Amino acid sequence: LIAPVVGLWADHKTDPNSPRRQDLLKYKANIILNFFAHVDRSPGEVTPLEVKAYQAELESQGLKPSTVYARLSQLSSFYEWTIAHDHTRHNPVADARPKAPKAYQNESSQALSDEDVVTLLKYVSGKATPTAKRDYAMLLFYFFTGKRRAEICHLTWGDIRIERGRLLLTSRLKGGDYLSFEVKHPKALEALLDYVEAAEIDLAQVEADTPVWIVLGDKARVHTGRGLTSHGFVKNLKSYARKAGLGDIHLHQSRHTYARWVGEESGSLLEAQDALGHKNLATTKVYLQRV
């Protein structure tokens, strides 16, 4: 009886537009099914002690800490999904999962530390001007989608949908392909709407090809309506970073940071490749050499 539920979870957690969807579905389902075959219990009967015992079993097989952590992370994701859908009431992995291994990057990686991300976002969100509200929303879009510079900066209102509290984007990828995805960070939609209010953008009047991010005037609540260039945003970003005490940073580091987060959570190059939209796995390995 567990297999259909696992299938539903994997289907929900896997991008329907991914070219590697079938591989990802199989990868995720096998992790969960192998666990329940090992413990021989139904999901609601599993205890944290049994999760720890399974962790010890994986380690005894010689699996790397990153692989063990990745499998338990997928198991935790499964339990959180079953709780949300009233299949179970408790996540035993939450009390038993080991600490995340060291970051999936080498010394030359361009990923920012979590502390630096928090410092930067806290500094920008503390500014009350319409320009800062726009830039804060843009930063959340960059950090929590991992998209490239042009993919976020060139968004139009036709690329954005808000459905039942979910923020959905369509972006143009390298090579001209289009991809729809959800910005899952809970602050992203809130920040976007704060920017819209501060800039006095009437969403009922905007055209599909109207730029989302516009150049704002010096006075509050006054804007030109022209689309913001990536150069203009990067100039602001560097100013924020210096004033926040972070020194010089580059916008592309947001993509490396997102890649690090995916690597730490999943431990899978295949998942990271899918999240970053890389056609070549070798490119993903440059971002995450330890996965």
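**Note on the predicted model**

1. Arg-41 and Glu-50 are joined by a salt bridge in which the closest N and O atoms are 2.4 Å apart, a salt bridge being a side-chain nitrogen of Lys or Arg within 4 Å of a carboxyl oxygen of Asp or Glu. Arg-41 is partly exposed at a relative accessible area of 40%, whereas Glu-50 counts as buried at 18%; here buried means under 20% relative accessible area, exposed means over 50%, and partly exposed lies in between, with a 1.4 Å probe and protein chains only.

2. On the basis of the values, this is a predicted model, in which local features need pLDDT of at least 70, side-chain atom pairs count only at pLDDT 80 or more, and totals for chains, interfaces and linings use all residues. Residues are numbered from 1 along each chain as its sequence is written, and side-chain values use heavy atoms, with hydrogens and water left out.

3. The count of salt bridges comes to seven, and two further examples can be set beside the pair in point 1. Arg-148 meets Glu-151 with the closest N and O atoms 3.0 Å apart; Arg-148 is buried at 17% relative accessibility, and Glu-151 is buried at 7%. The salt bridge between the side chains of Arg-161 and Glu-163 has an N to O distance of 2.9 Å, and here Arg-161 is partly exposed at 37%, while Glu-163 is partly exposed at 36%.

4. The structure holds twelve aromatic pairs, where rings of Phe, Tyr and Trp (its six-membered ring) pair if their centres lie within 6.5 Å, with planes under 30 degrees apart counted as stacked, over 60 as edge-to-face and the rest as tilted. Phe-78 and Tyr-79 make an edge-to-face pair, at 5.9 Å centre to centre and 75 degrees between the planes. Phe-78 is buried with a relative accessible area of 0%, and Tyr-79 is buried at 0% as well. These two residues also belong to one aromatic cluster, which is formed by Trp-9, Phe-35, Phe-36, Tyr-54, Phe-78 and Tyr-79.

5. A second aromatic pair deserves a separate entry: the rings of Phe-143 and Trp-261 have their planes at 45 degrees and their centres 6.4 Å apart, so the pair is tilted. Because Phe-143 lies in helix H6 (residues 130-143) and Trp-261 in helix H10 (residues 253-266), the pair ties together parts that are 118 residues apart in sequence; helices (H or I, at least four residues) and strands (E, at least two) are DSSP runs, numbered from the N terminus. Phe-143 is buried at a relative accessible area of 2%, whereas Trp-261 counts as partly exposed at 22%.

6. Lys-28, in helix H2 (residues 21-39), is buried with a relative accessible area of 4%. Leaving aside residues up to four places away in sequence, Lys-28 touches Trp-9, Ala-10, Lys-13, Thr-14, Gln-74 and Glu-271, contact meaning heavy atoms within 4.5 Å. Of these neighbours, Trp-9 is one of the residues of the aromatic cluster in point 4.

7. Asp-40, which is not a glycine, has a positive phi of about 55 degrees; Asp-40 is found in the loop between H2 and helix H3 (48-60), and is exposed at a relative accessible area of 68%. Arg-164, likewise not a glycine, has a positive phi of about 50 degrees; Arg-164 lies in the loop between strand E1 (160-163) and strand E2 (166-172), and counts as exposed at 87% relative accessibility.

8. Helix H4 itself (residues 65-84) has 20 residues and reaches 28 Å from its first C-alpha to its last, close to the 28 Å expected at 1.5 Å a residue; the expected span is 1.5 Å times one less than the number of residues in the helix.

9. Leu-193 is found in helix H8 (residues 186-198) and is partly exposed at 37% relative accessibility.
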